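Here are my notes on the model, point by point. Please read them with the structure open.

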Amino acid sequence: MSEIVLQVEQLVKRFGGLTATDHAQLSVEKGRIHALIGPNGAGKTTLIHQISGALQPDSGAVHFCGEDITHMPMHQRALRGLVRSYQITSIFQKLSVLDNLALSVQARSGSSMRFWRPARAEHDRYAQAAVVADRVGLGTQLNVLAGALSHGQQRQLELGLALAVRPKLLLLDEPMAGMGPDESENMVALLQGLRGDTTILLVEHDMDAVFRLADTISTLVFGKVIASGTAQQIKDNPDVRRAYLGDEAILPAAAH
Amino acid sequence: MKPAISTSAAPSLLDHPLHARWAAVLLLALVAFPLLMGTNGGEFYVSLASRILIFALAASSLNLILGYGGMLSFGHAAFVGLGAYTVAIAMQSGLTSAWIVWPLAMGVAGLGALIVGAISLRTQGVYFIMITLAFAQMLYFLVVSLKTYGGEDGLSMARRSVLAPGLDLARERDFYYVTLALVTLSIWGLARLLNAHFGHVLQAIRENEVRMSAIGYPVYRYKLVAFTLAGALAGLAGALLANLGGFVSPSLMQWSQSGMLMIMVILGGVGYLYGGLMGAVFFLLMEELLSTYTIHWQLGLGAVLLLVVLVAPNGLASLFKRARGGRHV
């Protein structure tokens with residue numbers, strides 16, 4: 001039995017009359033790539049927000065590495081190793097790639113403020129940032145402003161910012177959002193490279209990518225997790241097929 | 001051997017060099033200034049220069065939170081006023097040593113900023129502006145109601161603070177040099193702070209607060225520390241201002257004073273190391289100059305401000321910045 005990194009229990013979030021998260025259950029095992037899929041409006045991002053701490057659930061609990069983090073602020077979750085990326089790219093546009101990553105590298109010691117020593121003299125930090133840049137394929141772009149990168153590269157930096165914190169669990173909210181086929185291919189390869197190293201909870205619309213990457217897939221419909229299992233189990237699940245009725249043609253096609 | 005990682009090749013938004021050569025020239029000129037003024041009649045200009053330097057300090061402290069931290073505080077004069085009143089009240093109770101009273105002024109103003117910040121920083125955007133303004137107005141009316149300390153009429157100081165034997169702060173020249181030293185130290189300290197990890201984090205929070213929190217930085221704590229430091233520096237400016245004028249009054253804390261500090265920062269350059277200094281010099285010289293011609297000097301000042309904002313929308317300091325575009329497509 002593998003170790004459970006993240007455990008979501010009976011999570012409920014309501015916005016007025018709408019129940020965006022409806023007693024959602026989810027557990028992510030260590031070292032796995034766990035995908036969360038579901039039709040548009042199923043509440044995937046809302047669930048990610050609650051796991052990362054951007055939103056407070058109305059009831060239920062989130063456990064991370066055995067600790068109850070349901071009411072913990074976002075930065076403390078990040079310090080414990082639960083780090084998210086964003087569906088809408090959220091990087092430091094006016095800073096260079098290296099500066100972006102150097103900020104992230106040091107986040108774990110962020111509570112120790114350093115007021116005097118020139119930040120540029122912290123060579124270690126920049127060296128580590130450069131290693132992360134290499135890892136996400138931006139090694140030759142260290143001094144380019146983040147805002148000047150192409151969309152695909154900005155998505156790579158988005159991932160890099162989360163990776164640089166050395167997370168135990170990476171929450172990736174649609175890393176392939178808005179990418180062309182080549183860029184997506186690139187990102188899939190990148191995520192493949194993280195396998196075993198980092199546990200990942202992946203929200204993604206690109207079914208092809210999901211079936212190639214995920215060890216486990218959970219399907220979210222109207223805020224409820226209706227099924228969890230391997231790719232094959234999910235594909236064969238009649239409830240999942242029903243939820244994806246409009247997309248029925250996509251599922252069998254993605255089987256290969 | 002790994003290739004060296006260049007972090008200094010390209011000037012970045014995060015780097016705020018002192019420009020030591022220019023700073024040294026400027027400092028020399030400022031040191032020479034009272035000597036050139038002579039002793040008869042020059043006193044007025046030396047005193048005016050002190051006033052400008054003090055406001056440069058106050059504006060620079062505001063720039064720390066407004067320019068680098070992205071916190072639009074509309075109540076900064078409250079901390080200047082707290083510093084000033086601390087000195088005046090201490091003097092009334094017989095405490096005259098600058099070594100005790102000035103740090104005390106910084107402490108009181110810093111504590112005030114800590115309390116105001118702890119509450120205000122829980123809000124965002126326009127609410128933050130309004131709540132800082134509200135706190136400043138509360139302090140203003142509190143001081144107005146304190147009849148023991150002069151109430152609306154203010155409080156006169158019997159003399160200036162005492163610093164060291166041989167150094168008589170009552171002499172305009174001595175006071176000027178002490179002010180110059182403190183302002184220089186403060187701006188140097190701010191430069192160290194901004195180029196240190198703290199400064200980088202503060203500016204990154206301004207750029208993208210949510211992301212900073214998502215990668216694990218205690219954003220609120222960083223902002224509160226910056227707010228408190230800015231308050232303490234404003235308190236020092238207040239202590240100097242009280243000494244310069246020999247008088248404190250509630251008008252020091254009025255919202256128009258906060259507005260003036262903001263205008264100085266915007267004029268000089270939001271987020272530029274010398275922005276506060278340039279803004280204070282320009283604003284106060286303009287005020288001095290225009291008010292010799294007309295009592296409606298504010299009208300003229302308004303026109304000049306408009307012109308500056310049109311010519312240099314990022315403030316005067318931005319004119320001195322070497323063009324650094326074109327590196328990136």
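1. Phe222(A) counts as partly exposed, with 16 C-beta neighbours inside 10 Å. (Buried means 20 or more other C-beta atoms within 10 Å of the residue's own, exposed means 12 or fewer, and partly exposed lies in between; C-beta atoms are placed from the backbone.) Phe222(A) is in the loop between strand S9 (216-221) and strand S10 (224-229) of chain A. Its phi is positive, about 45°, although Phe222(A) is not a glycine. Most residues other than glycine have a negative phi.

2. This is a predicted model: local features need pLDDT of at least 70, side-chain atom pairs count only at pLDDT 80 or more, and totals for chains, interfaces and linings use all residues. Residues are numbered from 1 along each chain as its sequence is written, while chains are lettered from A and ligands numbered from 1 in the order in which they are written.

3. Gln10(A) also deserves a look. It has a positive phi of about 50° and is not a glycine. Gln10(A) is found in strand S1 of chain A. It is partly exposed, with 13 other C-beta atoms within 10 Å. (Strands are DSSP runs of E, at least two residues; helices are runs of H or I, at least four; both are numbered from the N terminus.)

4. Strand S1 (residues 4-15) of chain A pairs with strand S2 (residues 18-29) of chain A in the antiparallel sense, over eight bridges. (Pairing needs at least two DSSP bridges between the strands.) Leu11(A) has Ala24(A) in S2(A) as its bridge partner. Two residues lie between the strands of this hairpin, and Gly16(A) takes a positive phi near 60°.

5. S1(A) also pairs with strand S4 (residues 59-64) of chain A, antiparallel, over five bridges. Here Glu9(A) stands opposite Ala61(A) in S4(A).
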